[in-house]
Structure formats: structure tokens, C-alpha cells
Amino acid sequence: MSSRLYNLAVSAANDAIRYDAEGKVELAISKYLQAFDILMTLIRYTENKKLRDFYTDRAEQYLARAYELKSIVGKSKVKAPALTDQKRLGEDEELQSKILSTIIPEKPNVSWDDIAGLEDAKKAIEEAIILPLIEPEIFGNTLPWKGILLFGPPGCGKTMLAKAAASRCNVTFFNVSAADIMVKWVGESEQRIKVLFEMARETQPSIIFMDEIDALGAERTGVESVVSTRVLSQMLQMMDGILSKPDDKVIVLGATNRPWVIDSALLRRFDKRILVPLPDLQARKQIFKVTIAKMPNFKLAEDVDLDELAKLTEGFSGDDIKKLCIAAWYIPIHELKEQNMLGTGAMPRPVTRRDFLEALQARKPSVSPEEVRLNEEWNKKFGAK
Ligand code: ATP
């Protein structure tokens, strides 16, 4: 709901700014007022105070500009000055608004109990992120760790850990992919990073979770390499801005499956580097439990032994186990379909050991032993809890 409203507000503001720049005053006024109205509704649905302040600030700007345009038109019928002459809504504003519309803070709802195993990583995150944010009496206004890197094979819980940390401390949470910034937003990458950090600052305390952070420093050639260098230097600059201001409560939580690719200057900004490994036997059993518990109408037959399944899935990531559960769950659903029973109110039968074994035959671990080895070796050399 909130993100839809926010998108609508940004879209109206973008239109307003465009009309304003084109001198289409009446249209600009109506769009500014529309953006204002939507933001005021959005504010009512937003619990986070910093975010509310941010929306309020925007709403005030749009209202002020609408009134300014109205007074100019009313007084002299003279064409209002183009938006580019204005101080606050400057030249970059259109691009900034556009970028803002795709940088939507989330309100994750993941608890530590949803995450199986990963005790070391949970402890490190608890001490580095959560305690300083929830115990201001002890830590004052200072966050001891603002650059934290989660690394390890894909699908093992890095995103879940980041979301659980954000849920626990009730911070504004930005979830972005560095690969998207580099590839999907070519030509806007630097501004996107700038706007992201500015927004995180305005809505602090906040966490920027940047997945695939290695994409920022990946080797490139020709024009791409120039772009990549500029984006990386923007990222370094923004991180330095945060690190150098003790009162700024913005944490950058980077994540990668290939930490060895990260640019060394960027890596230095991450004081904590935490390995998120493949689940061990106990964790795999627990992942089966939490995954099945979340799936609607997933009933286990009595012959299913989760200890056996945990043993059979050595080398599987948490995500692999989730997909295996879905595949097994589909077998009884498929049977219902074959019998034309879907939509009749009939429920699928419980999932049996045989279903799991059948699903297992068609699924292999998605993580290669080589990926695991490289991450472990990198941890020995550069890991820092
Ligand atoms: P990537 O590197 O590909 O971004 P990731 O390490 O961020 O992956 P997540 O997105 O956190 O992995 O996990 C993907 C899914 O796998 C989760 O939604 C969850 O269903 C399952 N999963 C992974 N690890 C765990 C875990 N430790 N406990 C419970 N579920 C898990």
C-alpha cells in the first residue's frame, strides 16, 4: 500500500516538474497539489518517524511551489519562471524524483527464529548492528560499525539476516542490488547511489542492504570501465561521508557471493566481514521445519523423517531446501489436478517420504564445492567478525 502510494506521489511530482520546466503552469500546479495530497495520505500510513519527516518535507516543497506558481499567475499573468531557476527544485530534481520512485524503503518482517543455524553470523550482527541501535544509553549516538559485509554461497540466508536485523531495530530498510544499479540503470548509476545515500540519511536510522556489491568493482573494459570507476568512486565518497560523521546512523550492509572480486578500496570500508556458510546437518533439519511451517496446507506424512532428509541434502543451500520442499509439495497437488479435483474443495494428501525422494532425484545442489572452498579460503584471509 505504502509503496504504491509513494510511486503515485513520485509520478505526480515528476509530471509537475516536467510541466513546470515547460512553463505549463496550470498543469504543473494541479500535479504538485496532487503529489502533495498523495503524500499527506501516505504520511498517515507511515509509522517510521524519519520517513514521515521525509515525506512531509517533500509535501511542503510541492505545496510551496504550487502556491508560488499560483501567486505568479494570479498577480501578473506573467509566465512563471521555469523550474530550473528555482533553488530547491534544481536541475537534478527530475532525475532525482525519478530515481526516488524506484528506491522504496521496505518494512521487512523476518525474525531470528525464521533463520535456521547461522549462529555465528547472528551473534556478529546482533553485536554490530542491533545492540548499538537499541541500546543508546550504552552506545550514545555512535554506531561502532557502519560498513558490514555478508559473504558466502548463494541462497544461504544473507538477505534474511539483513531483513531480520532491520525488523528487530525498526530502522528504515533499503534493499538494492548493486548489479541492478550498474546494469539496469546505466547512465544513472552515480546519481542513483547518491540519492540512495541521501535518502538513507534523511530517514535514519537506516540500513542500506546492497546485494551483489562485487558488481561495483568488477573488471570492465572501454567505456564501461570509465563508468564503473566513476560509480565506484561515488560509492566510496558516500560511504566516507557516513563513516566520517559519528552522528549519522546509516549502516551499509553489503552482500556478495564473490568477495574476492570486491575492489580493495571498497573492501577497506567494511570493517566487519561475516561468512554466511552452507547450512550444516542441524541447520538443514531446521530449514525443513521452518520452510514447511510457512507453506499453506503442507501436511507431512508420518513416514517422513527430517533427520534423514537433512542427511540426504548435504551441500544444499537453504534456498535449495526450500525449492525441494515446494517440489515435494507439488506432487500431491499435481495428483489432484490429474483427477480433476482442483477447485472442488478437496485438499492434497500429506507429503510422504517417497514424494521427497522423488523430488530429490530431480534436484541437485545449486552451489558448487569450488564456490564453497573459495568463500572459506577468503574468510580465512580477510574475514573479520
Ligand atoms: P543470494 O546470495 O542469492 O542473494 P542469500 O544468501 O541472500 O542469497 P536468502 O535470499 O537470504 O539467501 O535466502 C533465500 C531463501 O532460502 C530464503 O527465502 C529462505 O526460504 C531460504 N533460506 C536460506 N537460508 C536459510 C536459513 N538459514 N534458514 C531458513 N531459510 C533459509
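Two remarks on the source are needed. This is a predicted model, in which local features need pLDDT of at least 70 and side-chain atom pairs count only at pLDDT 80 or more, whereas totals for chains, interfaces and linings use all residues. Residues are numbered from 1 along each chain as its sequence is written.

F298 lies in the loop between α12 and α13. Helices here are DSSP runs of H or I with at least four residues, strands are runs of E with at least two, and both are numbered from the N terminus. One of its contacts, V351, is 53 residues away along the chain, yet the two C-alpha atoms are separated by 7.2 Å.

N297 is also placed in the loop between α12 and α13. This residue has a positive phi of about 55° although it is not a glycine. N297 counts as exposed, because it has 10 C-beta neighbours inside 10 Å.

I turn now to helix α12 itself. Its 14 residues should span 20 Å at 1.5 Å a residue, and the end C-alpha atoms are 20 Å apart, so the two values agree. The expected span is 1.5 Å times one less than the number of residues. Which residues of α12 are buried? They are A283, R284, K285, Q286, I287, F288 and T291. The cover over these buried residues includes α13 (306-312) and α14.

Let us take Q286, which is found in α12, as an example. It is buried, because 20 other C-beta atoms lie within 10 Å. Beyond four places in sequence, Q286 touches A116 and G117. Q286 and A310 are 24 residues apart in sequence and 8.7 Å apart in space, C-alpha to C-alpha.

α7 (158-169), α12 (281-294) and α14 (318-338) each supply at least two residues of the shell around the ligand. How many residues surround the ligand? There are 22, and the closest are P154, G157, K158, T159 and G318; a residue is near if its C-beta atom, placed from the backbone, lies within 6 Å of the molecule. The shell divides into eleven nonpolar, seven polar and four charged residues. In this division Ala, Val, Leu, Ile, Met, Phe, Trp, Tyr, Cys and Pro are nonpolar, Asp, Glu, Lys and Arg are charged, and the others, Gly among them, are polar. Why does the ligand shell lie between domain 2 and domain 3? The reason is that domain 2 (105-278 + 376-382) and domain 3 (281-366) both give residues to it. The domain bounds come from an automatic or database domain assignment.

Next, the cores. The largest nonpolar core has 70 residues, and L161, I207, I208 and L253 have the most contacts inside it. Such a core is a set of buried Ala, Val, Leu, Ile, Met, Phe, Trp, Tyr and Cys residues joined through C-beta atoms within 7 Å. Because domain 2 and domain 3 both give residues to this core, it lies between them. I208, not counting residues up to four places away, touches F174, V176, L196, A200, V250, V252 and L253. A second, separate core of 23 residues includes V10, A28, Y32 and A35.

Y32 is placed in helix α2 (residues 25-45). With 29 C-beta neighbours inside 10 Å, Y32 counts as buried.

Finally, two backbone details. The peptide bond from Q204 to P205 is cis, with omega near 5°, and P205 lies in the loop between α9 (189-202) and β3 (206-211). L118 has a positive phi of about 55° although it is not a glycine, and counts as buried with 26 C-beta neighbours inside 10 Å. Most residues other than glycine have a negative phi, and most peptide bonds are trans.

Definitions and conventions. A residue is buried if 20 or more other C-beta atoms lie within 10 Å of its own, exposed if 12 or fewer, and partly exposed in between; C-beta atoms are placed from the backbone. Two residues are in contact if their C-beta atoms, placed from the backbone, lie within 7 Å.
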